[in-house]
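These are my notebook entries on a chain that I had not examined before. I set down in turn what I looked up.

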Amino acid sequence: MKRIVVLLSGRGSNMLAIAEALRRERWPASIVGVIGDRPGAAGLQRAGELGLPAALVDFRGFARREDFERALAEAIDAHEPDVVVLAGFMRVLGAPFVEHYRGRLLNIHPSLLPAFPGLATHRRALQAGVAVHGATVHFVGTEVDAGPIVAQAAVPVLADDDEAALAARVLELEHRLYPMALHWFVEDRLRLEGGRVRLLDPRPGETRLLWHEAR
Ligand code: GRF
């Protein structure tokens, strides 16, 4: 059984998608902890409702980022995780933290990296006039929103899209992308080779790319 810890700051829809996929597909894994960095994160409450152990490490209680990250790592490591999943965790993590979890720390970012790291990705994609946008699951490196790419989901940008419509189209695919990528990790099918990710034993039709299906 692989032990998964999820970190979040907000509504937690990706955490829920992972919890549902894990149960539905009977992964050899369980979510052993969900940790939030701010009180009032809806995702923490939703985790509690699912019966998952939910805890808060409030970043506002720490004067220095290093102290917060040390407390966070202690809370995480108490669960002895095989993998730590950032699911809408809105804090930049320092190098010692990232190093400690190297190779077992995943993030989802709402753009096709390396395009649009940082915030307001959907607005910036619209401003740039791209025809395709999406989301990326990657291993976390010491640079923000960078690191070996596990899988990507691509959606078309439509002529009448606004930020909310585009965000909703991307989020729908995030909810398939993150479980897919994490399932591969749980199955030990991801290999890091020279800073790139290889998916072992791909099944027929299985690729590291999800497309938006036109309806
Ligand atoms: C998602 O768009 C994710 O890509 C980004 O933050 C958002 C989190 O949403 N990192 P949720 O909390 O999982 O609903």
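Entry 1. I began with P114, which I found in the loop between strand 5 (105–109) and helix 5 (121–128). Helices (H or I, at least four residues) and strands (E, at least two) are here DSSP runs, numbered from the N terminus. I noted that the model is predicted, that local features need pLDDT of at least 70 and side-chain atom pairs pLDDT 80 or more, while totals for chains, interfaces and linings use all residues. Residues are numbered from 1 along each chain as its sequence is written, and side-chain values use heavy atoms, with hydrogens and water left out.

Entry 2. I stayed with P114 and looked at its peptide bond. The bond that joins L113 and P114 is cis, with omega about 10°. Most peptide bonds are trans. Is P114 buried or exposed? I recorded P114 as exposed, because its relative accessible area is 75%; buried means under 20%, exposed over 50%, and partly exposed in between (1.4 Å probe, protein chains only). I also looked up G141, which is 27 residues from P114 along the chain; the two C-alpha atoms are separated by 13 Å.

Entry 3. I turned to backbone angles. Most residues other than glycine have a negative phi. D145, which is not a glycine, has a positive phi of about 50°. I placed D145 in the loop between strand 6 (132–139) and strand 7 (149–156). D145 counts as buried because its relative accessibility is 17%.

Entry 4. D188 sits in the loop between helix 6 (163–186) and strand 8 (190–193). With a relative accessibility of 44%, D188 is therefore classed as partly exposed. I found E187 in the loop between helix 6 and strand 8. E187 has 27% relative accessibility and so counts as partly exposed. Along the chain E187 and V5 are 182 residues apart, yet 16 Å separates their C-alpha atoms.

Entry 5. I next examined D37, in the loop between strand 2 (29–36) and helix 2 (42–49). Its relative accessible area is 0%, so D37 is buried.

Entry 6. I listed six helices and ten strands. The radius of gyration, taken over C-alpha atoms, is 17 Å, which agrees with the value near 17 Å for a compact globule of 215 residues; the globule rule is 2.2 Å times the number of residues to the power 0.38. The C-alpha atoms fill a box of roughly 45 × 40 × 40 Å along the principal axes. Of the 215 residues, 47% count as buried. Among contacts between residues at least 6 apart in sequence, 61% join residues at least 24 apart.

Terms used: Contact means heavy atoms within 4.5 Å.
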